[in-house]
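Thanks for coming. Please have the sequence and the model open while I talk.

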Amino acid sequence: MNSPAQAEVSTKGELALTAIASRQNPFAGIRSPQQDPADAQRVTIKATATTTGKPATFTVDPQARPSAKIEQGRAPVTVPGVREGGERVQELTGGSATNPVDTDSWCSVSRNDVKAMAYQPTPRQVEWAVDMAVLGALKNVTRPAGFKGFGLPAYSPQGLFPKRDDVGVPPQVFLGILAQESNLWQASRHALSGEYGNPLTGNVYGLKLDEKTGEIKDWVIHWDDADCGYGISQMTDGMRKPEHPKKDEAILPYNAQKAVGMDYATSIAAGLQLVQDKWLQTYNAGMRLHNADPTRIENWFYATWAYNSGFYPKADASKNNGAWGLGWFNNPINPRYPADRNPFLFHNNWADAAKPQNWPYPEKIIGFASYSIDTPDGPGFRPAWWTDETNRDRATPPLRTFCDSSNQCEPGAKHLPDDPEVIGQPAGPCAHKNPANGKYDLHCYYNQPAKWKGDDCASTCGNPINRFENTYPEQPDGTHFPSQCNKGAGLPAGALVIDDVPSGTSTPQCGGAGSAGGFEFRFTEDSAQPGTYPGKIDLHQLGGGYGGHFWFGHTRKPDDRRKLAFTGTWTLGQQINGWARVMVHLPDHGAHTQQAKYEINVGNGWGGSPTRYLSQGRRKNAWVSLGVYNFTGTPQVRLSNQTRDGFAEEDVAYDAIAFQKLPGKPRHIVAALGDSYSAGEGAGDYYPESDANHGAPRWNACRRSVNAWPRKMTLSETKSPLGALADDWSPVVELGFVACSGAQNHNVTAWTPRSWGFPSEYETGEGQFREVNQVDSGVLNDDTTLVTLTIGGNDRGTFTNALIDCVTPGDCSDGLMSKYKPNIDEGISNTRDTLKTIRDKAKNAQIVLVGYPELLSRTKKCTGSWYIGMPEAEALDDLVRYGSGAQKQMVTALGDKKTTYIDAMGAFIGHGGCDDDEWINKFVDGPNGDGDFHKGDRPTVVCITNATLCLSRESFHPNKGGTAGYAGLVTASLPAIGSREP
């Protein structure tokens, strides 16, 4: 155990991170060891709610603070499996390779327990609860038995943790503490208000952090070092299991522990007692500020100082090198904080939150009390008020306020700490020496009364606001990400659904439901510490998706050395002998990876089992097909968090799996591959997972459109478009749609984008982004009946560069063919290889390569088309015509009777860009979609530019009329070339 001096200087410091909080992805990339040690990568929390555009700036302060025992509020409640007083009937020991719950944890309320999901309150609910707590009115708030699925009998928050009557607390001071401790969160930071998730816990795994960077040194679990701070108040006192208490710690009864972890109002009630304790500790020691009126904001500077870094009683001075009072760490004159700093959040300067380490804890609390915190739901609470702005600006004390001879502090001096426990700390005014060795030890503890506003605090100090009087009811729940509680929505009749929780499990939002099978995780054991499974650190649960629950983790590389890998397996509770479609439910958030690898055991083991890769970011609760298969036994599906890119910030979600039994093999099993012309670029209505995160490492601009021509074409013996049939789960068709805007031949066959290894170089993933190459996606196999694609136009940037030449001043018509013909020829050669690779994957399929149309009218000049006149338009069209002819010759030369070329030239005559019935977009202003080019993005070879403009990707691509024209052309051609199964 650290000595007080060591505790003062070896705190873990402040951590920061950069995050985007949005309705689609409120938690992607968020890292904070204090609140979720699984993700301790970076350090400043600054968020923006993309649905409202409002900024949300958070700070995290994982500085260790000593525990203060709660001596009252111990009303025991009996719960099943727990004896009165909190002792468990059966002690849970030893880790499990399959149970996501850490039964060997030393902290009381387990993570990843589907029966222990905390509710995430709205900021308005938090402010209500704080106002009720300081008024003592939470004792009148009754939580009925089974409240919000917490699994507890009836209780009241201040029945468990009564308010002390001897000191009042300004709501804004307490709200400032809660903002600093937890960002007003009760549940995991992954949950937005109204959602359920794991309880917010402080380093429950006892991970070792680097004191300078805040990053995790290793991923080794140290249960004995667990912080066990829970909920919105980060309550640590009494929150361990009875068999693992801290020294001199009184363990709370289990029901009280669980209420603290689950219920924000109870956590607030417990935290209020701690805050009151700290006031009384300093007040009773004679340490009083100004007029010592507890209703004034500034007068809580000492108590919040003690709340964070502890109070060292005079009776223990001999243990602290003769010092007592408040420690040096949070003294404003400590040189670790910039001497020229303004007050925290000064005049709503939210940029301060990007560097919270520049302010001591009590200054940050006053800053929050003065200006509030902003959240994805808007302002966190009403701030305190001052008689004028000058008095608000002077709310924090001058640097020298707590530096004088009483604590051997010498303003302006530069004493270098050289006591062994403080070596490495900056030189400063603390002149206190360890009497044992005569070295500077930073024990300049302060214990005197003080004032910085003179004798008129009654008129110059801050005043509290009770927004909610004690007659106000609890405020309404949040509404973010409602669950898919209608279990049959979006499914074909008779589908067999395997949920990700045991059958009959009741979730807070949707209640109980049956499951047609079982789901199990398998975690990798840490060989250096047998019996522990670090992958559980990076597993999280949320109350959303199908049935009100899903899991997610972050993607890891296959060679992950930190043992963070895990696999989830769904097993159907019956055999299937015949054809069936496999479907996966994607939740509307917490699912982002572009490389979710689903393996399907068709009944004969995992060896050689089919694989389907999926981009999970659909951003709505939706069922998506994983393909159709001929099963010969008990079906299984498994999904690992390991991906080829192992981005570590992408979420891979585990929700429900469903099976649709089919009467036989579908007549048409189609794979739509290729580039933007096949993806439907230009036709709008793009699938969200393929149109996201421009200008960022997660960028995906494959832009697969609902209006793409492969979805619009009609196959033999069907009356509806292929896409409509696929959407309706027709037993006669299956569509694997993986075409991608910007794709070159190597994106179809085999390529690893540089961006996978260097995420900041996002533009190098163009044409594939973070998706696996198309032939490896799993849409091709021996059962595939038809493959369609357009490809080759992007190889070496041929047509994009030609367009750039023609929108640049000067005549591009002369020499355009000679310049780009070699590129086209190279693209033709690449396409030949692509067709051969596809044939290897889909031995029995009809492969249809569809050509490109002429882009611009040969008879009508475009208006407002910059430098493209008729000569330029004809030159561009001649280039396309040459490529089309070359593709046709190449396919003929292949000699593969089941590989065919469809020429698109004739169908688009009279429908080019600028024709009266225009099927091809001309220049399109952007952006149109989140994946499109935006101002400030780094352009790629497919970004059509002049000196100042980056146009939309939709430029020179078929519009909805053009995709309908393509579909009609292919539909009419298929009967002549044969599209039925072999």
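I start with a definition: two strands pair if DSSP finds at least two bridges between them. Strands themselves are DSSP runs of E with at least two residues, helices are runs of H or I with at least four residues, and both are numbered from the N terminus. With that in hand, look at strand β20: the bridge partner of Ile600 there is Val637.

Before going on, a note on the source. This is a predicted model, so local features need pLDDT of at least 70 and side-chain atom pairs count only at pLDDT 80 or more, while totals for chains, interfaces and linings use all residues. Residues are numbered from 1 along each chain as its sequence is written, and side-chain values use heavy atoms, with hydrogens and water left out.

Now the whole chain. The protein chain has 19 helices and 27 strands. Of its 982 residues, 62% are buried, where buried means under 20% relative accessible area, exposed means over 50%, and partly exposed lies in between, using a 1.4 Å probe and protein chains only. Contact means heavy atoms within 4.5 Å. Among contacts with a separation of 6 or more, 75% are between residues 24 or more positions apart.

Back to β20. In what order do the strands of its open sheet run? The five strands are ordered β12-β15-β20-β17-β18, with antiparallel pairing. The edge strands, β12 and β18, each pair on one side only. Strand β20 covers residues 636-640, and four of its five residues are buried. On one pairing, β15 (residues 566-572) joins β20 over five bridges, in the antiparallel sense; Thr571 has Gln636 as its bridge partner in β20. On another, β17 (residues 596-601) runs antiparallel to β20, with four bridges between them. Strands β17 and β18 are also antiparallel, again over four bridges, and the partner of Lys597 in β18 is Tyr613.

Next, a loop. Thr507 sits between β11 (496-498) and β12 (517-523). Is Thr507 buried or exposed? Thr507 has a relative accessible area of 5%, so it counts as buried. Leaving out residues up to four places away in sequence, Thr507 touches Gly547, Gly548 and His549. A polar atom of the Thr507 side chain lies 2.8 Å from the backbone oxygen of Gly547.

Then the interior. A nonpolar core is a set of buried Ala, Val, Leu, Ile, Met, Phe, Trp, Tyr and Cys residues joined through side-chain atoms within 4.5 Å. The largest one has 104 residues, and those with the most contacts inside it are Ile268, Tyr302 and Phe402. Elements giving two or more residues to this core include α2 (123-135), α4 (171-182), α6 (264-284) and β14 (550-554). Helix α6 gives the largest share, 10 residues. Not counting residues up to four places away in sequence, Tyr302 touches, among others, Thr282, Leu326, Phe402 and Tyr446. There is also a second, separate core of 81 residues, which includes Ala739, Leu780, Leu849 and Leu879.

Val173 counts as buried because its relative accessibility is 2%. Leaving aside neighbours within four places in sequence, Val173 is in contact with Ile297, Trp300, Thr304, Ile365 and Ala369. The C-alpha atoms of Val173 and Ala384 are separated by 8.6 Å, and these two residues are 211 apart along the chain.

Key. Polar contact = N/O pair within 3.5 Å; in protein donor to acceptor, adjacent residues only side chain to side chain.
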